[in-house]
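Please look at the sequence and the structure first.

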Amino acid sequence: MAIWLKQAAAKAERQQQQQQVRSDVETVLAHIEARGDDAVRELSIKFDGFARDDFRLTPQEINACLQQLTKQEIRDIEFAQEQVHNFAQAQKNCLTDLAIETRPGVILGHRNIPISHVGCYVPGGKYPLLASAHMSIITAKVAGCDRIVSCAPPFHGKPAAAIVAAQSMAGADEIYALGGIQAVGAMAIGTERIAPVDMLVGPGNAWVAEAKRQLFGRVGIDLFAGPTETLVIADDSVDGELCATDLLGQAEHGPTSPAILLTCSRQLAEDTERYIHQLLLQLPTADVAQKAWHDFGEIILCADHDEMLAEANRIASEHVQVMTDRDDWYHQNMRNYGALFLGPRTNVAYGDKVIGTNHTLPTLGASRYTGGLWVGKFMKTCTWQRITSDAASAEIGAYCSRLALLEGFAGHAEQANIRVRRYGQQDVPYATPAPVTVK
């Protein structure tokens, strides 16, 4: 039975915080609905200290942001975006349209149709997360979306140059220096200056995540998101320093980010905790990472790999880093995860920033039923049908007539019956079942 050598200290506080966030977001969205651009402007001043009449960046402003980056920084962004593009394109190539003749004269199919208007939120706040621009904008571009809107909060009172550069290089059609609830609300609801979108994607803080949740249905969303999560599964084939580094590397995302070590080695568990305390003395982001580790960090000791696998599937973490003597076994048997990182040579930061897989992933146990953002999320698989012969229409119609009336749907039955009469030359009385034998 698994033993918690370290437990999260603050899990119970989350529910109370979520109730307050829910109420705040509901008020703000109603404000945007009622007052449009005026509300967005007031909210931007209140939350970001940033005011202007039109939050959409001009080509000149975008170019000025690009000019602030060094040539090497531009090349690094280009490299990351190329990896994301290549993987998204390979994923799209797996999506094929379908047409199949299921019976003589009955043709069924589906088409993969891109969503027309997409809003991509790129978080800023404490860190300008330009990688989120690659993950959402490029993936939507590869999918073939017609209009891609991207919002990111200002950074220190002005557009965040690195984010704007990434948004532009990724191919966003409209770029706004706008953050938080006001950004996702404006994109989903629409204002005088911002035409509404059909779908919202991208990570954000608790208020952004709650706004997306409340707007779901009015628009599509990628995922119901929570704080970044990481799970390290390790045995004594690796050392405590590596495990500690990978745990703290994700804990720095925010003070509510869970970081969990799952191991069958008590020695590794103890070494990892010792290294965590050492590394926190020198990590520049220790103020955030230390709180996350204290409040939401866990070390779980299991009897063996079978128990570790069961615990990992129960936890269903967003990121799962596997460093064991049987990584392929975990690859074949793990079922619940957002993204899997196999072996000590890779890590979650590679996935977050550059390797090419998408970093917008399910949290809060959602990996039990969904994967993360990918090119297919930006596409609708829509079915179609065609009947090409009189005999096929009459045959299907006769079955439909009888089944519709079995359910009490006379109108449905008549849709079938009129075709049985016309194409099958059968005299079917109005709103009665078609005969079993059709000529």
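Is Glu174 buried or exposed? Glu174 is buried, at a relative accessible area of 11%; buried stands for under 20% relative accessible area, exposed for over 50%, and partly exposed for the range in between (1.4 Å probe, protein chains only).

The model is predicted: local features need pLDDT of at least 70, side-chain atom pairs count only at pLDDT 80 or more, and totals for chains, interfaces and linings use all residues. Residues are numbered from 1 along each chain as its sequence is written, and side-chain values use heavy atoms, with hydrogens and water left out.

**Overall**

- The protein chain has 15 helices and 14 strands; helices (H or I, at least four residues) and strands (E, at least two) are DSSP runs, numbered from the N terminus.
- Along the principal axes, the C-alpha atoms of the protein chain fill a box of roughly 90 × 60 × 45 Å.
- Of the 439 residues in the protein chain, 49% count as buried.
- The protein chain has an accessible surface of about 21,300 Å², and carbon and sulfur atoms hold 52% of that; accessible areas come from the Shrake-Rupley method with a 1.4 Å probe, and for residues only the protein chains shown count as cover.
- Among contacts (heavy atoms within 4.5 Å) in the protein chain with a separation of 6 or more, 73% are between residues 24 or more positions apart.

**Nonpolar cores**

- A nonpolar core is a set of buried Ala, Val, Leu, Ile, Met, Phe, Trp, Tyr and Cys residues joined through side-chain atoms within 4.5 Å.
- The largest nonpolar core has 68 residues, and Leu178, Met187, Leu200 and Phe378 have the most contacts inside it.
- Helix α1 (residues 13-48) gives the most to this core, namely eight residues.
- A second, separate core has 21 residues, including Leu268, Ile276, Ile299 and Met323.
- Leaving aside residues up to four places away in sequence, the residues that Met187 touches include Gly119, Cys120, Tyr121, Ile194 and Leu200.

**Helix α5**

- Helix α5 (residues 161-170) is largely enclosed by the rest of the structure, because seven of its ten residues are buried.
- Those buried residues are Ala161, Ile163, Val164, Ala165, Ala166, Gln167 and Ala170.
- Their cover includes α2, α3 (71-93), α4 (131-143), β5 and β6.

**Salt bridges**

- The whole structure contains 16 salt bridges, each a side-chain nitrogen of Lys or Arg within 4 Å of a carboxyl oxygen of Asp or Glu.
- Glu33 and Arg218 are joined by a salt bridge, at 2.6 Å from N to O. This pair links distant parts of the chain, with Glu33 in helix α1 and Arg218 in the loop between α7 (206-215) and β8 (220-221), 185 residues apart.
- Glu33 is partly exposed at 45% relative accessible area, and Arg218 is partly exposed at 46%.
- Arg193 and Asp54 form another salt bridge, with the closest N and O atoms 3.5 Å apart. They lie 139 residues apart, Arg193 in the loop between α6 (180-189) and β7 (199-201) and Asp54 in the loop between α1 and α2 (59-67).
- Arg193 has a relative accessible area of 44% and is partly exposed; Asp54, at 30%, also counts as partly exposed.
- Glu174 pairs with Arg147 in a salt bridge whose closest N and O atoms are 2.7 Å apart. Glu174 is in strand β6 (residues 174-177) and Arg147 in strand β5 (residues 147-152), 27 residues apart.
- Arg147 is buried, with a relative accessible area of 11%.

**Cysteines**

- The structure holds zero disulfides, a disulfide being a pair of cysteine sulfur atoms within 2.5 Å.
- The sulfur of Cys145 has its closest cysteine sulfur in Cys120, 7.9 Å away, which is too far for a bond. Cys145 counts as buried at 8% relative accessibility.
- Cys302 is likewise in no disulfide, and its nearest cysteine sulfur, that of Cys264, is 7.8 Å away. Cys302 is buried, with a relative accessible area of 4%.
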